[in-house]
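Have the sequence and the 3D view ready.

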Amino acid sequence: MKCLSIFQSKSAGAKSSPEPKEENPPSKSKPATKLVKSTGSSPRSIPEIYKEREHTLKKFSFSDLRNATSNFSKLLKIGEGGFGSVYKARFKLSESDNDPTVVAIKRLNKQGMQGHKEWQTEVQFLGVVDHPNLVKLLGYCSVDGDRMQRLLVYEYMPNKSLSVHLFSPTLPPIPWKTRLQICLGAAEGLAYLHEGLEIQVIFRDFKSSNVLLDENFNPKLSDFGLAREGPQGDRSHVSTMPVGTYGYAAPEYVETGHLKSKSDVWSFGVVLFEILTGRWAVDKNRPKGEQKLIEWVKQFPADSRNFWMIVDRRLNDKYSVKAARKVAKLAVSCLYKNPDDRPTMSRLSRA
Ligand SMILES: Nc1ncnc2c1ncn2[C@@H]1O[C@H](COP(=O)(O)OP(=O)(O)OP(=O)(O)O)[C@@H](O)[C@H]1O
Ligand SMILES: [Mg+2]
């Protein structure tokens, strides 16, 4: 498919440790770094692969993280989501470091099993993956008992999330070329999850607030708390309780709980439209007919004369109409009702 080449050409009783319960020793014949698909033998599970990789993550003490954030001071808080609050901090990651590293620390504010499960999933998946378009987890902290604590320490992303820039009236708009670069990077991150590992990973919560931006506005996917292993063998899907975010989740997944990689492709299509229009997937502050983005854009098809009306006004006409039409067509293909008709992420990112 040619569409994605536009991105390229234009882009300049919780357990305290995230260890798996099964204690199967990892196969010695596979080196720790071997994560690409292997043929022949059946793929290992994420917890199994994680067991060989866990040494790459640092275990932080709670007091170290509390000190680094001045006791989780509001002044250092940089964000808040469903999991908890996020703080910016400086930290010497090892004794030999001369200078402290700037990190983002996320602290779980929910009690109970659900929060722990999400934290554990995040540690295990991010402990296994390794790609320039996925946020890097540096380590974690876990304290059990009455004062249970679960924290995650990530590389710091100076430009926060894509949603902050797309929808904030006070920040400068993201230029067109950068938007294409973000589309491509996010597609590559998802393609890696779907096809670049020994086992398929489905992200399940792809949305603009989970796309973080580095100092050059390169995108990195974050929030793996809902990630799942994909179906294996001849299976077409895994059955799950539908979770995710309203407005981004694929309709067949919401209805049946049948999860497949094409569910992520749907969410990617929604975010493509957000990037093109500068509008939220769902915006209750807009008139009734405009609240659901993917319904509203249907009135302005890519080849119609009115198409320009959906393109983000904050771009001030500084965009390629041809490329914008292609992005819209690509988004529409991601939103096909039948998941099998949607393109794969690798096809999207390579073409
Ligand atoms: N590694 C990071 N570096 C810099 N800022 C970050 C980092 N991780 C998160 N943030 C900031 O914290 C905000 C909250 O992140 P979080 O993932 O907890 O919630 P969310 O994505 O906004 O919502 P949800 O809980 O639905 O995923 C992000 O939008 C981002 O601005
Ligand atoms: Mg998030």
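Which residues in H2 meet which residues in H4? Ile 46, Pro 47, Ile 49, Tyr 50 and Arg 53 are the ones in H2, and they meet Gln 124, Phe 125, Gly 127 and Val 128 in H4. Being in contact here means that the C-beta atoms of two residues, placed from the backbone, lie within 7 Å. Helices (H or I, at least four residues) and strands (E, at least two) are DSSP runs, numbered from the N terminus.

Before we go on, keep in mind that this is a predicted model: local features need pLDDT of at least 70, side-chain atom pairs count only at pLDDT 80 or more, and totals for chains, interfaces and linings use all residues. Residues are numbered from 1 along each chain as its sequence is written, while chains are lettered from A and ligands numbered from 1 in the order in which they are written.

**Helix pairs**

Two packed helices are described by the angle between their axes and the distance between the axes. Axes are lines fitted to C-alpha atoms, for helices over the stretch in contact, and angles run from 0 to 180 degrees between N-to-C directions.

| Pair | Angle | Axes |
|---|---|---|
| H2 (residues 46-53) and H4 (residues 113-128) | roughly 65 degrees | within 9 Å |
| H6 (residues 176-195) and H8 (residues 261-277) | about 175 degrees | 11 Å apart |
| H8 and H10 (residues 321-334) | roughly 150 degrees | within 7 Å |

So H8 is roughly antiparallel to H10 (an angle over 145 degrees). H2 and H4 are therefore roughly perpendicular to each other (65 to 115 degrees).

What does the H8 and H10 contact look like? In H8, Val 265, Trp 266, Phe 268, Gly 269, Leu 272, Phe 273 and Leu 276 meet Ala 324, Val 327, Ala 328, Leu 330, Ala 331 and Cys 334 of H10. These residues divide into 12 nonpolar, one polar and no charged. Ala, Val, Leu, Ile, Met, Phe, Trp, Tyr, Cys and Pro count as nonpolar, Asp, Glu, Lys and Arg as charged, and the others, Gly among them, as polar.

**Around the ligand**

Now for ligand 1: there are 22 residues around it, and Gly 79, Gly 81, Gly 82, Ala 104 and Met 157 come nearest. A residue is near if its C-beta atom, placed from the backbone, lies within 6 Å of the molecule. Strands S2 (77-80) and S4 (101-108) are the elements giving two or more residues to this shell, and S2 has the largest share, with three residues. By type, the shell holds 10 nonpolar, eight polar and four charged residues.

Technical notes:
Parallel < 35°, antiparallel > 145°, perpendicular 65-115°, else oblique.
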